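This report describes the nonpolar cores and the aromatic pairs of a predicted model. The structure is shown first.

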Amino acid sequence: MDPRQLRQALGQFPTGVCIVTASVDEEAVGMTISSFNTLSLDPPLVLFSIDRRAKSLPLWEKAGGYAINVLSEKQRDLSNRFARSLGDKWSGTRFERGYGDAPVFHGVAAAFECKPFAIHEGGDHLLFIAAVQRFRHDPDRAPLVFSQGRYATLKSTETAAPLWPLDIHY
């Protein structure tokens, strides 16, 4: 299987863009991710994944809390800044401390403050399952979207989607 072709095929699935943050031993860590997912409403669980090659992985495994910051479409620069593996990502950023002292950015479309629930093996990534403790959202802020290797913008439609999940799922 050609990894490049697989990556391009997976890029056909649009995702939101998030920055997951934590604080370990008073050191803030953060990275841009598109691997954020809802997992359960009862209990409220979400998940994200981190590549095993990430230099900050040992800190993530020790974190006592996470903040998943769902970026708004006006936060592309912040997304690009936290997509880098090295350098001072935090200089000039505006945030407050959330659950477990994890940074929660200003101006996001949504933020989920979480405590660790479980970490699982997932091939070349680790899957972090997190229990949502607090959340906030601003329905007037459109989320930042990523598809086909680039940022995208959502367009509003005139018709509302049916309630999700559909009853047939149960």
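## Cores and aromatic pairs

The largest nonpolar core has 26 residues, and within it Trp60 and Tyr66 touch the most other members. At least two residues of this core come from each of strand S2 (18-24), strand S3 (27-33), strand S5 (44-51), helix H2 (57-62), strand S6 (66-70), strand S9 (110-122) and strand S10 (125-137). Leaving aside neighbours within four places in sequence, Trp60 is in contact with Val20, Thr21, Ala22, Val29, Gly30, Met31, Ile50, Tyr66 and Phe128. Another core, of 13 residues, lies apart from the largest one; Val17, Leu78, Phe105 and Ala111 are among its members.

Trp60 and Tyr66 also belong to one aromatic cluster, together with Phe48 and Phe128.

| Pair | Geometry | Centre to centre | Angle between planes |
|---|---|---|---|
| Phe112 and Phe135 | stacked | 6.3 Å | 25° |
| Phe146 and Tyr151 | edge-to-face | 5.7 Å | 75° |

Phe112 lies in strand S9 and Phe135 in strand S10, so their pair ties together parts that are 23 residues apart in sequence. Phe135 counts as exposed, because its relative accessibility is 56% and the cut-off is over 50%.

An unreviewed UniProt entry annotates residues 10-153 as "domain: Flavin reductase like". In the model this span is 10% helix and 50% strand, and its end C-alpha atoms lie 18 Å apart.

Definitions and conventions. Residues numbered from 1 in each chain as written. Predicted model: local features only at pLDDT ≥ 70, side-chain atom pairs only at ≥ 80, totals over all residues. Heavy atoms only, no water. Core = buried A, V, L, I, M, F, W, Y, C linked by side-chain atoms within 4.5 Å. Buried < 20%, exposed > 50% of the residue type's maximum accessible area, 1.4 Å probe, protein only. Helix = DSSP H or I, 4+ residues; strand = E, 2+ residues; numbered from the N terminus. Contact = heavy atoms within 4.5 Å. UniProt positions renumbered as here; feature names shortened; annotations may be inferred. Phe/Tyr/Trp six-rings, centres within 6.5 Å; stacked < 30°, edge-to-face > 60°.
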